[in-house]
Number of protein chains: 2
Amino acid sequence: MKWENIDQQVCSVARALSIVGERWTLLIIRDAFKGTRRFEGFHKNLGVTRHRLTERLTMLVESGVLTKVPYRTNPERFEYRLTRMGLGLYPVLMSLSHWGDQWLADENGPPMTYWHSRCASGCDPQLACSGCGEPLRPEEVSAKLGNELSEYVAHLERQGLAVPSDAELPRQAGEYRLAQNKKE
Amino acid sequence: MKWENIDQQVCSVARALSIVGERWTLLIIRDAFKGTRRFEGFHKNLGVTRHRLTERLTMLVESGVLTKVPYRTNPERFEYRLTRMGLGLYPVLMSLSHWGDQWLADENGPPMTYWHSRCASGCDPQLACSGCGEPLRPEEVSAKLGNELSEYVAHLERQGLAVPSDAELPRQAGEYRLAQNKKE
């Protein structure tokens, strides 16, 4: 499976990375959260080439993360704003930022600190359970196969075929679906 | 600023992406969380080329995300395990996964669902405030400049220079530091 096809994996991490997993993309979104809206602004902040930036912005608009809004006519000019889907990436950015603070800060400490207006105190972002609100630790979370993966496993079992490990399933189930779609 | 230098930005998101922002890297880490440990296992699951996989694993070991542990002698063979730094990426993966579930699932629903043993119920990962435990919303969080960025802004003000926007600061402060280090 090539990188270009990872959106075909039956896995939400792979699907998410098919949109935000290219170089620069999450930095563009970081800047959008900081208020950058115009092509020239992104270009100036990031120092990415104009060609690459155009490519990334186009992809983010096509996939629904950003929307293009005209801000001037004659000549028409557009700015880029985060959609609800784009705003949904806030936890991804904050988790990356927190990991960077914890593991990659130098003697100057974290580049930014955060203040939560709701409780009026400094805060770190924390991954919590939507049910009980407690911090989510990997050893306390188990994953269950959703519909498509369960059906694929049942199909393998009916055929008397070996069932792959959880780590192998996303790609194999995706390839199976691609093959089925081609047949139809 | 080239992609290869984004770790020089005074920004934890950029620093984190300098380690995990390449194609395949977060999928390798996803598989490590699912229990994959050996080169052949990663190769089989992902379908990435051996050359690229070697490159990524070497980088993850060098940066401290994975550690190489011998599991056989004569010939010596190694497996790759997540370090504490690597385990710290759990919130990043879960946030990507949750975003994918919300925005990229098809008619089959989410590929996986999660069960939290601590509260014995199904769960979604949620970004919460470490102080009050409430969900963190971007509009309720404000960022404050840390030491290095504050000092850079003070330096600009002393020189009577324009202070860039928050979105421009990370790169400019990084370039300033690079220039200072060269002088020394």
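In the hairpin formed by E1(A) and E2(A), four residues lie between the strands, and A:Asn74 takes a positive phi near 55 degrees. Helices (H or I, at least four residues) and strands (E, at least two) are DSSP runs, numbered from the N terminus. This is a predicted model, in which local features need pLDDT of at least 70 and side-chain atom pairs count only at pLDDT 80 or more, while totals for chains, interfaces and linings use all residues. Residues are numbered from 1 along each chain as its sequence is written, chains are lettered from A and ligands numbered from 1 in the order in which they are written, and side-chain values use heavy atoms, with hydrogens and water left out.

Two strands count as paired if DSSP finds at least two bridges between them. A:Leu66 has A:Leu82 in E2(A) as its bridge partner. A:Asn74 lies in the loop between E1 and E2 of chain A and has its positive phi although it is not a glycine. A:Asn74 is exposed, with a relative accessible area of 76%; buried means under 20% relative accessible area, exposed over 50%, and partly exposed in between, with a 1.4 Å probe and protein chains only. A cis peptide bond with omega of about -5 degrees joins A:Asn74 to A:Pro75, and A:Pro75 is placed in that loop between E1 and E2 of chain A. In chain B, a cis peptide bond joins B:Asn74 and B:Pro75, with omega of about -5 degrees. B:Pro75 is found between strand E1 (66-72) and strand E2 (77-82) of chain B.

One is an open sheet of three strands in the order E4(A)-E3(A)-E6(B), with antiparallel pairing. Strand E4 (121-123) of chain A and strand E6 (141-145) of chain B stand at the edges, each with a single partner strand, so one side of each has no neighbour in the sheet. From one strand to the next the twist averages 40 degrees. Strand E3 (residues 112-116) of chain A is joined to E6(B) by five bridges, and the two run antiparallel. Here A:Trp115 stands opposite B:Ser142 in E6(B). Strands of a sheet pair through backbone hydrogen bonds, either parallel or antiparallel.

Another open sheet of three strands has the order E6(A)-E3(B)-E4(B), again with antiparallel pairing. Its edges are strand E6 (141-145) of chain A and strand E4 (121-123) of chain B; each has a single partner strand, so one side of each is left without a neighbour in the sheet. Five bridges join E6(A) to strand E3 (residues 112-116) of chain B, and these strands run antiparallel. A:Ser142 stands opposite B:Trp115 in E3(B).

The chains also meet through helices. Helix H6 (residues 90-104) of chain A packs with helix H6 (residues 90-104) of chain B at an angle of about 170 degrees, with the axes 8 Å apart. H6(A) is therefore roughly antiparallel to H6(B). Axes are lines fitted to C-alpha atoms, for helices over the stretch in contact, and angles run from 0 to 180 degrees between N-to-C directions. Angles under 35 degrees count as roughly parallel, over 145 as roughly antiparallel, 65 to 115 as roughly perpendicular and the rest as oblique. A:Pro91, A:Val92, A:Ser95 and A:Leu96 in H6(A) meet B:Pro91, B:Val92, B:Ser95 and B:Leu96 in H6(B); contact means heavy atoms within 4.5 Å.

A:Arg177 lies in helix H8 (residues 169-183) of chain A and counts as buried at 19% relative accessibility. Apart from neighbours within four places in sequence, A:Arg177 is in contact with residues including A:Glu148, B:Asp106 and B:Asn108.

Finally, the cysteines. A disulfide is a pair of cysteine sulfur atoms within 2.5 Å, and by this rule the count over all chains is zero. The closest cysteine sulfur to that of A:Cys132 is in B:Cys119, 3.8 Å away, which is too far for a bond. A:Cys132 is partly exposed, with a relative accessible area of 32%. B:Cys11 is in no disulfide, and its nearest cysteine sulfur, that of A:Cys123, is 16 Å away. B:Cys11 counts as buried at 6% relative accessibility.
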